[in-house]
2 protein chains.
Amino acid sequence: MILSALLTSVGINLGLCFLFFTLYSILRNQPSNLAVYAPRLVSRQKSRRRNDEFNLERLLPSPGWVRQACAPSEDELLSTLGFDAVVFMRIFIFCLKVFTFAGIIGIFILLPVNYLGNQLSYDFSDLPNKSLDSFSISNVDNGSNRLWIHFCAVYVFTAAVCYLLYYEYRHISSKRVSYFYSSKPKPHQFTILVRGIPVSSGGSVNETVESFFKEYHPSTYFSHSVVRRTNKIQKLISDAEKLYRRLAFLKLEKDSQKRFRRDGFLGLFGRKVDLLDHYEKKLEDLQDNVRMERSSLAGKDIPAAFVSFKSRLGAAVALNIKQGVNPTDWITEQAPDPQDVYWPFFSASFMKRWIFKLLVYVASFALIVLFLVPVVIVQGLTHLDQLETWFPFLRGILSLTFISQVITGYLPSLILQLFLSFVPPVMILFSSIEGYISLSQVAKSACNKMWWFTVWNIFFVNVLSGTALYQVNLFLQPKKIPQVLAEGVPAQASFFIAYVVTSGWTSLSSELFRLTALIYSFISRLFSHNSGNEFEVPSIAWHSEIPRIVFFELLGITYFFLDPLILPFLLVFYCLGYIIYRNQLLNVYAPKFETGGKFWPIVHNSTIFSLILMHIIAIGIFGLKKLPLASSLTIPLPVLTLLFNEYCRKRFLPMFTAFPMECLVKKDREDQNDPTMSEFYNKLENAYRDPALMPVQYSSSTDGRNSPLLHSV
Amino acid sequence: MILSALLTSVGINLGLCFLFFTLYSILRNQPSNLAVYAPRLVSRQKSRRRNDEFNLERLLPSPGWVRQACAPSEDELLSTLGFDAVVFMRIFIFCLKVFTFAGIIGIFILLPVNYLGNQLSYDFSDLPNKSLDSFSISNVDNGSNRLWIHFCAVYVFTAAVCYLLYYEYRHISSKRVSYFYSSKPKPHQFTILVRGIPVSSGGSVNETVESFFKEYHPSTYFSHSVVRRTNKIQKLISDAEKLYRRLAFLKLEKDSQKRFRRDGFLGLFGRKVDLLDHYEKKLEDLQDNVRMERSSLAGKDIPAAFVSFKSRLGAAVALNIKQGVNPTDWITEQAPDPQDVYWPFFSASFMKRWIFKLLVYVASFALIVLFLVPVVIVQGLTHLDQLETWFPFLRGILSLTFISQVITGYLPSLILQLFLSFVPPVMILFSSIEGYISLSQVAKSACNKMWWFTVWNIFFVNVLSGTALYQVNLFLQPKKIPQVLAEGVPAQASFFIAYVVTSGWTSLSSELFRLTALIYSFISRLFSHNSGNEFEVPSIAWHSEIPRIVFFELLGITYFFLDPLILPFLLVFYCLGYIIYRNQLLNVYAPKFETGGKFWPIVHNSTIFSLILMHIIAIGIFGLKKLPLASSLTIPLPVLTLLFNEYCRKRFLPMFTAFPMECLVKKDREDQNDPTMSEFYNKLENAYRDPALMPVQYSSSTDGRNSPLLHSV
């Protein structure tokens, strides 16, 4: 790509960013949009006085919200948004630190060195048409001693990243412990999920669980609730819910018609009454069905149960020590938060779940590899000459400078983005089939899949496309990997810069604008009477945001010494991300679940992967540039990095899987003096009942049959 | 190798075997050799009447001992020899089952098919000079449909081995549980080793451990003993011990001289008295040193301690739940049996031990790869033509048929055997540096190293020697591995048959003969007065025997369809092994330590490795034999085998690392009704004191200064 094409792309995207920012700054000042731009605020202080008066200030864009977003300290974030939000923000801070360091070295040392090379002979007078390659390592002369500067930069940068990773891991893990100490007792801290309960013939799951835990955990066992197969009831309840809503709407209309049009339009009115009767009959039928299904559930237990204990230590003991003689029976697992439980989880046998897991691995692998086909086609669009050969009739249009610049600089990444939007739901589906018991685990697993998907389909496919179908063979000849990567990676710098600008800057700022939410709110306000409070607080699943953030990190780390031009663009992205997420967090989104920062290890691992990838490319590059000594001297670097990673795994990772004895006992002792504990135990007893079975107790209440089902929603 | 050469080798070795068997049958009947051939019996029933009368029967070889050895049932073995002995015997039974099955298919189906092929054109009339290759798969015509028989055999055999593995794993793990149920309380079941104790400045390890466990395990903590650095004292004590022995010998001589020669030889007598005084002075000095070292130890605690609990469950809780906030502090580990503790273990910090582990990995890897050099030279000896080129003066001798047959059939494996004998001690040294805390763990780790060593240096180096230094490159091109193995493996069948015969048959039977022990006993009887009871019961470390047994399994499995001729030789080896080990176990050896059958997983894993290797070779062979369809259809087999292995890991392996809640609680409850428990707790308190520190309490006793040091031995 030439410089002018890149500048066009950057210009378009910068313009869009400013547009979104300005629109946001104006629109957020309109009180009617408050539910869209600050639903958290709305839900927190519903009594807040609305300033509906018109004034000019409301139409002027003001950047005050940026200051507002950055104001709260880490501890304030922790108390209002939970630990995950803090970790999420720390990721941006970490990336900003890394790329500020990289940027200083890259722009002030490496870029001038690259530019002063003579390997690529271009016409210096024609700067706008100059290829971006002249800023990259490709322009350094082969065998030049200046490459030792790059060599040193790789070592220094790796050391700096490792130091920052260590510092961040330590910081987050110590914060995690203090968050645990300061937290109120939560049901999931006292509960485990037991699967593979070996029920003897004639016995029930209920009895088996009770007798087992009363026998082997007599002093700590508290209560349990057996899991049941409620898919059918869930379906019926959701149907009933829809019907109830429609019924409520019709009743409302009937009332208003009664009030305003006491006479006339009798025909229409009569038809509505008929419809109401019909719906009420249908709803009754549905409710009868639900009741029937519930009563027939009695014998349909799944051999799985949530078992609660009197103390956190009791739960930890049951969790960490194998329970039964047969290791595939009595499999224990930390219970998720009650609202985090993924109820339709597969409670199948050990073998079945294992086979499902394998099948999902194969399916994900296939998806990741087969996705290649559309990507390769999209990739073809960046090569104008290929496009002209395939579609000769386009030659006229393509000769226009602007069109060709749009096609090469903007269109490919946009189409890719469209394709990519179909992948996350599929990955979530895969992860939910795998047998995870909580939404957060499903999200985490999908996040991992998405990360590998992104790395393969965006990074490797683009980098290797020059060598076409050679890719599969490559992984059977590991020796050639550095060379092939070194040949492919530097050439794609401009593509990735464009990608950062489009997928990073623009899509991030458009998220700020919240267009779809705005349109939805506008439409619903047109058709509905009391839409003011209808807008719910949208939830955010951190994990779905991680792959992109981390992928940009990979780009930054691998291109750091190849083409430092990408670094300022990344810095802008992380700055934007920091501001925008601090703002959609404080005002808009509510966290969907709290994992206690369990996605930090994902970020850590992918950073290590990026470093290793950079080292492999460096080995290849120094080889290509005829400096074999530097190539050999780089080999210890990935080994040292892997050792560092191994050390971090041992030093910090255990803190992210479970809390140690010291913490558990301390918290348990605190509880002993807490007068609210008896209330908590009452809550704990019913915390893990399936929502589909919850409202049975209301069904005999006298105030009509619809209310219990509404409660269940 | 030609048939006659192989027959020569087999003949020599069979002769040696018979010689050893006969010698053993005669020598074991001599009462004076009882201490050599049945020290276990001697130690068990010392009062047994000795039948010193001479009769002719004593000189006739009788095979009665074979019947005697096979008589005891598995439960009898379990009660007299422990669980490891049972598992060790089960390994032989497993191998016998596998190779009986393989033998039936191999000899009655595959061998005739191979022999009827025409790929290798030999003169049929000259059977003795016929190459062994005509019995191997190499003789089957390329592209012949008969190869499908081999294909089916590979599938059927894999299924059979997997079934047998599953059956055996299940059998052994259920036996392990019942052995645990029937066992008496043992100190190691109640104890854990804690390392990385974070001592605050000013505090002592002793106080830190006590306060921590009293704080966090108030109801289960029993006692602890801090580990100290006693290498120096151990050295001093062993010096003192040697001196004491010499002194005792001199005193004995003095007494007898006093008795028999009350007068005369005064000069000599006087000199002896001088020497006695000198030694006694030296011993006193040594003892003072020991006392000084011991008193100066007070402050030299290592931040590690054995912590005992009141119940097995208490120990399991402390073991399985992370203790401290920092995961590298308070690292817990199952304590070994007190006599299994490897006292000079490295109690260094977490980081140091981790670095040592890494260094040992590198060193072992280097040893395994560099050992190649002597092996390649030895390998050269099997090629007569090369030998003639290097040493032209040998040409005359080499032309003798007998000499050439000895050189090609016998000598190479003998020299190899010599080289190999230096390796196990090195591997044990490596494993002990790694930081294991027990002799059994050291032995297990050394066993694993030896297994990889054997596989690489005996199997792969022999198979790949044709392709010389190409080997390292091979592992960077995984795609070529099947082809290269398929080219190299079948040609080495005869070498491995010779190897089985020499290293298997002969060395196994020579162990029966116990030549070195016999010579030692003979010499010591010549020079000593009361040598009758001096001969100690030798100990056996199972792990050192495993690599050979398992390596032969690898040979059998990989050659099963390539050259079934090896199978009968292996069957004979396993039969011999079964008889001989049952015998040297019942009569000679005492187990060095009891691991509860923890070496079965090693056997399982290496069997799976052998199967996968066989599949890879099969893929290569079918490719070479121009039957690509069979080659592709074999690919699912290694995948299925790995899945089977993964299933076994989940289903059985956890039983081999720790006992579940169910077992622990049951055993603990049994103990509550056991009146001998108070006695056991008394023993437990001092069970894990360093032997170097044990006899301090005796030092003030009145009966002289020598006795405490003797006690310590």
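Q: Two residues are in contact if their C-beta atoms, placed from the backbone, lie within 7 Å. How many residues does the contact take from chain B and from chain A?
A: The count is 26 from chain B and 26 from chain A. Keep in mind that this is a predicted model: local features need pLDDT of at least 70, side-chain atom pairs count only at pLDDT 80 or more, and totals for chains, interfaces and linings use all residues. As for labels, residues are numbered from 1 along each chain as its sequence is written, while chains are lettered from A and ligands numbered from 1 in the order in which they are written.

Q: Which elements give two or more residues to the side of chain B that touches chain A?
A: First, the naming. Helices (H or I, at least four residues) and strands (E, at least two) are DSSP runs, numbered from the N terminus. On chain B the elements are α11 (312–320), α28 (636–651), α29 (653–657) and α30 (661–672). The largest share comes from α30(B), with four residues.

Q: What rotation superposes chain B on chain A?
A: Copies are superposed by least squares on the C-alpha atoms of residues with pLDDT of at least 70 in both. Here the rotation is 180°, with 0.1 Å of shift along its axis and an RMSD of 0.1 Å. The two copies are thus related as by a two-fold rotation axis. The same surface serves both: 100% of the contact residues of chain B recur in chain A.

Q: Which residue of chain B comes closest to the rotation axis?
A: Find Gln477(B). Its C-alpha is 2.4 Å from the axis.

Q: What does the domain assignment of chain A give?
A: Domain bounds come from an automatic or database domain assignment. For chain A, domain 1 is 3–184 + 353–662, and domain 2 is 187–348 + 678–712. Between them, 13 residues of domain 1 are in contact with eleven residues of domain 2. On the domain 1 side, α12 (350–370) and α19 (439–464) of chain A each give two or more residues. The most come from α19(A), with three. By class, this side has seven nonpolar, four polar and two charged residues.

Q: Is Ala102(A) buried or exposed?
A: Count C-beta atoms, placed from the backbone, within 10 Å of the residue's own: 20 or more others make it buried, 12 or fewer exposed, and anything in between partly exposed. Ala102(A) has 25 others in that range, so the residue is buried. Ala102(A) sits in helix α6 (residues 83–115) of chain A. Leaving aside neighbours within four places in sequence, Ala102(A) is in contact with Phe157(A), Gly556(A), Phe560(A) and Leu567(A). Across chain A as a whole, buried residues make up 38% of the 713 residues.

Q: Where does Ala69(B) lie?
A: Ala69(B) is in helix α4 (residues 64–70) of chain B. With 18 other C-beta atoms within 10 Å, Ala69(B) is partly exposed. Its C-alpha is 52 Å from that of Gly324(B), 255 residues apart along the chain.

Q: What is the phi of Trp330(B)?
A: The value is positive, about 50°, although Trp330(B) is not a glycine. Look in the loop between α11 and β4 (331–334) of chain B. Trp330(B) counts as buried because 25 C-beta neighbours lie inside 10 Å. Lys626(B), also not a glycine, has a positive phi near 60°. Lys626(B) is in the loop between α26 (600–624) and α27 (628–634) of chain B. Its 13 C-beta neighbours inside 10 Å make Lys626(B) partly exposed.

Q: What pLDDT does chain A average?
A: pLDDT is the predictor's confidence in each residue, from 0 to 100. Chain A averages 78, and 77% of the residues score at least 70. Over residues 46–52 of chain A the pLDDT is below 50, and this stretch has three contacts beyond near neighbours in sequence. Residues 696–713 of chain A also stay under 50, with 25 contacts beyond four places in sequence. For the complex, the predictor gives an ipTM of 0.79 and a pTM of 0.81.

Q: How many helices and strands does chain A have?
A: Chain A comes to 32 helices and six strands.

Terms used: Nonpolar A, V, L, I, M, F, W, Y, C, P; charged D, E, K, R; others polar.
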